[in-house]
Structure formats: C-alpha cells, structure tokens
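Have a look at the model first, then try each task before reading on.

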Amino acid sequence: MTGSGLRSGQLADAAGVNLQTLRYYERRGLLTSPQRSPGGHRLYPSETVTLLRVIKTAQRLGFTLNEVADLLDAGRHHHGTRPDTGLQARASQKLVEVEEKLADLTVIRDTLRAAISAGCDDLVACAGSSCCPLPFVEIAGRNDRVDTC
C-alpha cells in the first residue's frame, strides 16, 4: 500500500471521529499502526472506517474501550475461544448492567417526581419533615453500610 489508503484526516472525516481519537486508538492497540506514504503521512486501509464505526457503536452501547478491545480480540481469534468471551456473552452481561441501571434510574425518576409533587424546596427542611418523599434515611443507611464493609 505505497500510495493508496486513507490519510488521517480523510479517515477521521469518513468515520466521524477526530484525529486525536485515531492516535489514541492506535496507542491503545484498537487500530494497528498504519503504513506510511513516502512523505511520512499515515495511510489507513479503507476497512478502518468500518472498524472505527464498530468501536464507536460499541461505546454507545455501553462497552468500555477495554471491553471493546477484548471483543475485537475475541473476534480476531474466534477459533478455539471460550464461549463466554464472545459478543453474545458480553452483550448479555452488558444487558444485565443496563437493566440494573434502568431500574436505578426509574427509582430516581419516581423519587424526584414525588419531591416535585410534594413541593420540596429546601433539602435540610425537607430532611426533617416526616412527609418528605426523599429517602434521606435509607440512603444514609446504605452509605453507612458501604463505609463499614
């Protein structure tokens, strides 16, 4: 690939990322080091656009860059890998995490709605009121338990 390929700016534009992202992904090992043009410009194969889109999509789905690297590595070495390291297993694990977060967010949403409906306006005054819907005692109890573990 002595003269063909995408230069950094072209790749970044095509994939919807910035140049710093390309360099960071190279340092992290998510992208292989590209070949260089005679003038020293990085030249990426066109397939790198798809790879970048895969990485960004996985991140939007909640995977960390370490998890993305593991998934890419498992995909490259698909033969002989353990069944618990592939996309199906990782996606199932991530789905459990997302559902737990959704449950937590639902509780937060409902509590905030109750606080708004109750007219809570001062956290300190509200904490001392028996009709306050905010779970001050429950949260403090949870935090105390976490600190003692």
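In the protein chain, residues 24 or more positions apart make up 47% of the contacts with a separation of 6 or more, where contact means heavy atoms within 4.5 Å. Before you start, note that this is a predicted model, in which local features need pLDDT of at least 70, side-chain atom pairs count only at pLDDT 80 or more, and totals for chains, interfaces and linings use all residues. Residues are numbered from 1 along each chain as its sequence is written, and side-chain values use heavy atoms, with hydrogens and water left out.

**Exercise 1.** Find how many helices and strands the protein chain has, and in which order they run.

*Solution.* Start with the rule: helices (H or I, at least four residues) and strands (E, at least two) are DSSP runs, numbered from the N terminus. Counting gives seven helices and two strands. Reading from the N terminus, the order is α-α-β-β-α-α-α-α-α.

**Exercise 2.** Work out where pLDDT stays under 50.

*Solution.* pLDDT is the predictor's confidence in each residue, from 0 to 100. The protein chain averages 84, and 83% of the residues score at least 70. Next, look at residues 144-149: here pLDDT stays under 50, and the model has zero contacts beyond four places in sequence. Where pLDDT is low, the predicted coordinates should not be read in detail.

**Exercise 3.** Decide whether Ser8, Leu72 and Thr32 are buried or exposed.

*Solution.* Take the cut-offs first: buried means under 20% relative accessible area, exposed over 50%, and partly exposed in between (1.4 Å probe, protein chains only). Of the 149 residues of the protein chain, 24% count as buried.

- Ser8 lies in helix α1 (residues 8-15) and, at 11% relative accessibility, is buried. Setting aside residues up to four places away in sequence, Ser8 touches Leu19, Leu22, Arg23, Arg42 and Tyr44.
- Leu72 sits in helix α4 and is buried too, with a relative accessible area of 15%. Beyond four places in sequence, Leu72 is in contact with Leu30, Leu51, Val54 and Ile55. Leu72 and Val54 are 18 residues apart in sequence, with 9.4 Å from C-alpha to C-alpha.
- Thr32 is in the loop between α2 (19-28) and β1 (35-36) and counts as exposed at 67% relative accessibility. From Thr32 to Thr48 there are 16 residues in sequence and 9.4 Å in space, C-alpha to C-alpha.

**Exercise 4.** Classify how helix α4 and helix α5 cross.

*Solution.* Axes are lines fitted to C-alpha atoms, for helices over the stretch in contact, and angles run from 0 to 180 degrees between N-to-C directions. The axes of α4 (residues 65-76) and α5 (residues 87-118) come within 10 Å and cross at roughly 155 degrees. Therefore α4 is roughly antiparallel to α5 (under 35 degrees counts as roughly parallel, over 145 as roughly antiparallel, 65 to 115 as roughly perpendicular and the rest as oblique). For the residues involved, Glu67, Asp70 and Leu71 in α4 meet Leu87, Arg90 and Lys94 in α5. By class, this contact has two nonpolar, no polar and four charged residues (Ala, Val, Leu, Ile, Met, Phe, Trp, Tyr, Cys and Pro count as nonpolar, Asp, Glu, Lys and Arg as charged, and the others, Gly among them, as polar).

**Exercise 5.** Find how many aromatic pairs there are.

*Solution.* Rings of Phe, Tyr and Trp (its six-membered ring) pair if their centres lie within 6.5 Å; planes under 30 degrees apart count as stacked, over 60 as edge-to-face and the rest as tilted. The count comes to one aromatic pair. The rings of Tyr24 and Tyr25 have centres 6.4 Å apart and planes at 50 degrees, so the pair is tilted. Tyr24 is partly exposed at 33% relative accessible area, whereas Tyr25 is buried at 2%.
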